[in-house]
Amino acid sequence: MTDVLHIKNGRVFDPANTPPEADGVRRDVYAVDGKIVGKLPEGARPTRTLDATACVVMPGGVDVHCHIASSTVNRARAMQGEEHASHIHPRKLEHNLRSGSGMLTPSTFVTGYRYAALGYTTALEAAVSPSGARQTHLELDDTPNLDAGFLLLCANHQHVIERLDKGDQEGAVAFISHMLRKTGALGVKVVNPGGVASWRRDATHHTLQTLDDQVASSSVTPRKLLQLMARVCESLNLPHPPHVHCNRLGLPGNVATTLETIKALEGRRMHLTHIQFHAYGQNNKGDFTSGTAQLCDTLNAQHHVSCDVGQVVFGDAFTLTGDTPLEHLLWKLTGRRYANVESELEAGCGVMPITYTDKSFLHSLQWSVGMELMLGCHDPWRVLLSTDHPNGGSFLAYPTIIAQLMNKTLRDEQLAKAHTRVQKHSALKDHTREFTLRDVAIVTRAGPARVLGLRHKGHLGPGADADITIYHDNPSDPLAMFSTPRYVIKAGQVLVDDGELRHAVKGQRLAATITPDEKGEALFTEYFRGGSYDVSQFGLHEHELKSCVSVKG
Amino acid sequence: MNTFVNATHPSDALMRDLSLVGDYVPCRATGATWRERVSARVGGKSVELERAVEKLKDLLKHSRAPAMVGLHMLSIEALRETVRWAESVSGRLQPWPVIASPLAQRRPVTMTATLGEVFASDLVIWVGREGYEEDHPVARAIAEKQLLAAFVGCDAQTVLGCRATFENDPTAEPVGRHRRVAVVLPPGCEETVASQWHALAARLQQFVRVCVFQIPGINAMNARGVAEVLTWQTGVYPATGIDFSGGAPRACSDAQTLLDLHAIDLLIEVGKPTEQGHRSWAGPLPGARVTIGHTPAHDGKDDLDAALSITLPGLFPVAARMMRCDGVVLWLCDDPATAPPDPLAELLRYLCDQTATT
Ligand SMILES: [Zn+2]
């Protein structure tokens with residue numbers, strides 16, 4: 001039976017397909033069997049009609065960078081006993097919804113439900129080790145309502161470094177190509193390039209200072225690793241460019257490293273993630289300052305660079321990262337509960353809870369820096385919303401952040417509570433820009449979909465996946481508007497109905513289309529002879545790969 | 001619809017990898033569906049499955065606090081069905097043996113690694129190696145790859161002594177000279193000792209790469225799999241148990257404690273323990289006992305005593321997964337595209353669908 005959905009008379013925001021002057025024009029949207037169609041096919045009758053007269057219609061939200069499904073996330077869940085005990089989600093028998101727990105690191109079912117309840121229908125898990133890919137697929141299978149892909153941690157893999165050290169770029173590309181294909185990854189994640197590998201080999205190396213420092217006394221440098229990853233993405237024609245977590249996260253003066261990283265790729269495409277954590281200047285006393293002025297200028301000029309902000313939200317958060325030396329440093333500074341796991345010489349992860357407070361100068365500065373970046377960069381298509389969930393805060397804080405971006409009064413109220421030094425010096429006071437609904441639609445759906453290369457997501461043109469969010473048309477109260485969508489539709493199915501989650505559907509796995517590479521497979525098999533399990537147990541089997549949605553570059 | 005295809009002979013590589021996950025009952029697939037293979041007993045007497053399901057419904061209907069215990073011998077696929085079932089009857093999930101002491105859950109620092117990292121260490125420090133079997137498969141795998149080994153006792157004094165030494169001089173023996181060191185803890189290592197090794201590893205990290213690796217108990221080789229699946233599905237780490245009685249998952253005490261408190265009136269053993277892991281409950285059971293799982297490797301007498309038992313001959317290879325103690329997910333077959341699905345997962349799905357309270 002053909003399933004026809006008719007969304008009637010809503011104010012539509014579809015920035016991927018329409019110019020600003022067409023924003024909010026009332027029209028009808030149709031979906032047939034889970035896909036958007038331009039007009040109702042002849043003779044077809046809507047199976048369901050949703051009246052959107054008092055509503056705004058946008059594509060479903062796309063989270064460009066979050067941590068929701070991996071052994072690392074699961075370790076965080078396990079460590080968050082108290083938090084999970086105080087956030088329980090009973091099952092809803094009447095809607096066939098499962099139970100679960102947690103807010104910062106919710107269980108898988110709850111993750112899918114809460115994202116959908118906010119109007120998000122696609123997400124990118126941002127850090128998975130090659131040997132951990134199977135667990136990520138298992139967890140994503142248990143995460144409803146989200147189409148999701150993941151990024152593979154590649155840049156500190158022992159064998160990649162060794163191959164690069166020997167000058168075998170081609171071999172390294174082939175090797176990574178095989179890992180990406182075999183694990184069903186959507187893209188390449190670069191975390192503290194070379195810095196993690198240095199620390200894994202020689203614990204005295206907490207961080208590399210420049211892009212030309214040697215990685216563990218090899219000829220490899222962060223610059224060479226960045227260039228290699230760009231080459232991987234280009235030669236495999238991946239949908240998404242290298243997704244880079246720069247060196248020296250969280251250190252004063254690190255904006256210089258971030259600017260160097262942009263230069264290092266010499267005009268090639270790249271995505272800088274949680275850029276807020278990499279945007280600090282340093283005064284002559286060595287203290288943190290905001291480095292956003294320089295960074296915004298560069299981002300405004302360099303059209304090949306996109307980023308997500310990694311906004312900090314005041315309250316409890318949970319740091320989990322492939323930047324293991326950084327996490328160790330954080331542990332030494334805070335002494336909070338901490339775990340570090342090293343995985344098969346491929347990658348590692350560190351986890352630790354954190355609390356951002358407006359009493360802290362640094363945390364206040366971080367909040368301000370994130371806002372300054374979102375407001376100071378002119379092109380919303382390249383500066384996307386994220387909290388690096390749960391590192392800067394939960395994805396549940398997105399409506400709060402959107403509200404502060406849309407409303408200067410709300411922003412000023414928050415600034416007034418911040419640390420006095422930040423109140424005094426923050427450039428935020430001078431930003432009069434207020435996000436429009438178009439801006440919001442770009443930074444939360446159209447932009448992430450474009451940056452990730454997901455052609456069927458983030459827009460409402462014919463052929464797009466019928467992932468649609470319908471909000472009450474109430475931009476004067478953006479917090480209320482974006483906290484509780486009226487309807488959320490996933491692949492044509494109504495999940496949130498009249499403000500309540502009443503249905504869940506299985507999400508799809510999004511994997512990059514990669515042609516098998518015989519050389520890469522041979523190199524990988526040879527390397528894996530020394531592994532702790534047989535190469536046949538690595539990654540996905542062919543029939544599993546076939547069940548993923550293949551995303552072309 | 002689950003017609004089993006003829007399984008091929010499992011490869012040596014598969015058997016080698018799976019030896020680190022535990023022993024199931026290797027039984028080659030035949031051309032029968034799980035329904036044709038299942039056997040059921042009520043009060044020790046063979047009955048049709050439908051009759052057994054009626055009995056199970058009746059027991060569940062009259063139970064205020066059903067507990068699904070055991071769980072270690074379940075694949076990830078079967079564990080998913082068990083969580084769904086426990087949730088649907090507002091019961092408990094109680095791994096037995098327990099996964100971790102409540103103390104371990106509060107450990108301030110954990111510095112661990114996968115087996116591949118342990119293999120790559122230039123020194124392995126064995127803690128309390130004399131305390132467990134020589135042929136423990138995980139310990140044997142590490143020993144086969146180790147370059148250099150040191151042996152120390154499994155007591156707080158030893159680890160505190162090491163800590164004092166290294167705090168004075170991080171380059172002291174036996175760690176300081178090396179670049180990568182793995183500390184291997186024995187099964188059931190006391191948490192007071194384990195947590196000190198982890199803390200020491202974290203402190204030494206500035207000078208030497210150190211990880212701490214816990215050898216799993218021989219009866220709990222898939223404990224990691226149980227813990228991971230239950231944690232991601234419920235958000236609750238099942239150190240001793242998870243209780244769904246309030247409609248949502250909450251941590252609860254272990255099965256034996258709750259039996260002693262008469263807080264379990266229906267004990268459903270899911271995933272029969274292996275012969276080694278088989279364990280009678282201390283004291284008389286306050287309510288009925290049900291067993292669901294593979295036909296046990298032992299004489300099966302245990303099933304005769306149960307109010308109800310529903311069992312399947314073990315099947316291997318199957319298109320299902322388990323987890324090695326370091327979190328590596330392993331298929332229980334060479335080719336999941338052609339291997340039959342895990343019949344126990346299918347049985348559990350059926351039982352859940354049949355008995356779910358609506
Ligand atoms: Zn991240």
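Four strands make up an open sheet that draws on both chains, in the order β17(A)-β19(A)-β18(A)-β5(B), with mixed pairing. Which strands stand at its edges? They are β17 (315-321) of chain A and β5 (109-113) of chain B; each has a single partner strand, so one side of each is left without a neighbour in the sheet. On average, and ignoring direction, neighbouring strands here are turned by 10° against each other. This is a predicted model, so please read every value below as computed from that prediction.

Take a closer look at one pairing within this sheet. β17(A) and strand β19 (residues 347-356) of chain A run antiparallel and are joined by 7 bridges. As background, strands of a sheet pair through backbone hydrogen bonds, and they can do so in a parallel or an antiparallel way.

Helix α11 (residues 324-334) of chain A lies across β17, β18 (338-343) and β19 of chain A together with β5 of chain B. The helix runs at about 35° to β19(A).

Now move to another sheet, in chain A. This open sheet has 8 strands, in the order β6-β9-β10-β11-β12-β13-β16-β20, and its pairing is parallel. Its edge strands are β6 (61-66) and β20 of chain A, each of which pairs on one side only. At the β20 end, strand β16 (residues 305-308) of chain A pairs with β20(A) in the parallel sense over 2 bridges. There, A:Cys307 stands opposite A:Val383 in β20(A). A helix can be found here too: α4 (residues 133-141) of chain A lies across β9 (120-128) and β10 (147-153) of chain A, and runs at about 165° to β10(A).

The next stop is the metal site. Which residues coordinate the zinc ion? The donors are A:His65 and A:His67, each through NE2, and A:Asp388 through OD, at 2.0 to 2.1 Å. Along the chain these donors follow the spacing H-x1-H-x320-D.

The peptide bond from A:His389 to A:Pro390 is cis, with omega near 0°. You will find A:Pro390 in the loop between β20 (383-384) and α13 (398-406) of chain A. Chain B has a cis peptide bond as well, joining B:Trp96 and B:Pro97 with omega about 0°. B:Pro97 sits in the loop between β4 (92-95) and α5 (102-105) of chain B.

Positive phi angles can also be found in chain A. A:Asn9 has a phi of about 65° although it is not a glycine, and this residue lies in strand β1 (residues 4-12) of chain A. A:Asn9 counts as partly exposed because its relative accessibility is 27%. A:Asp33, likewise not a glycine, has a positive phi of about 50°. A:Asp33 belongs to the loop between β2 (25-32) and β3 (35-37) of chain A, and counts as partly exposed because its relative accessibility is 48%.

Now look for A:Arg455, in the loop between α16 (437-452) and β21 (468-472) of chain A. Is A:Arg455 buried or exposed? It is exposed, because its relative accessible area is 56%. What does A:Arg455 touch, leaving aside its neighbours within four places in sequence? Its contacts are A:Lys552 and A:Gly553. A polar atom of the A:Arg455 side chain lies 3.5 Å from the backbone oxygen of A:Lys552, and one lies 3.2 Å from the backbone oxygen of A:Gly553.

Finally, step back to view chain B as a whole. Chain B contains 13 helices and 16 strands, and 61% of its 358 residues are buried. Of the contacts in chain B between residues at least 6 apart in sequence, 72% join residues at least 24 apart. The accessible surface of chain B is about 14,000 Å², and carbon and sulfur atoms account for 51% of that surface.

Terms used
Residues numbered from 1 in each chain as written. Chains lettered and ligands numbered in written order. Predicted model: local features only at pLDDT ≥ 70, side-chain atom pairs only at ≥ 80, totals over all residues. Heavy atoms only, no water. Buried < 20%, exposed > 50% of the residue type's maximum accessible area, 1.4 Å probe, protein only. Contact = heavy atoms within 4.5 Å. Polar contact = N/O pair within 3.5 Å; in protein donor to acceptor, adjacent residues only side chain to side chain. Areas by Shrake-Rupley, 256 points an atom, 1.4 Å probe, with all protein chains shown as cover. Donors = N, O, S within 2.8 Å, 3.2 Å for Na, K, Ca; no water. Pairing = 2+ DSSP bridges. Axes fitted to C-alpha atoms, helices over the stretch in contact; angles between N-to-C directions.
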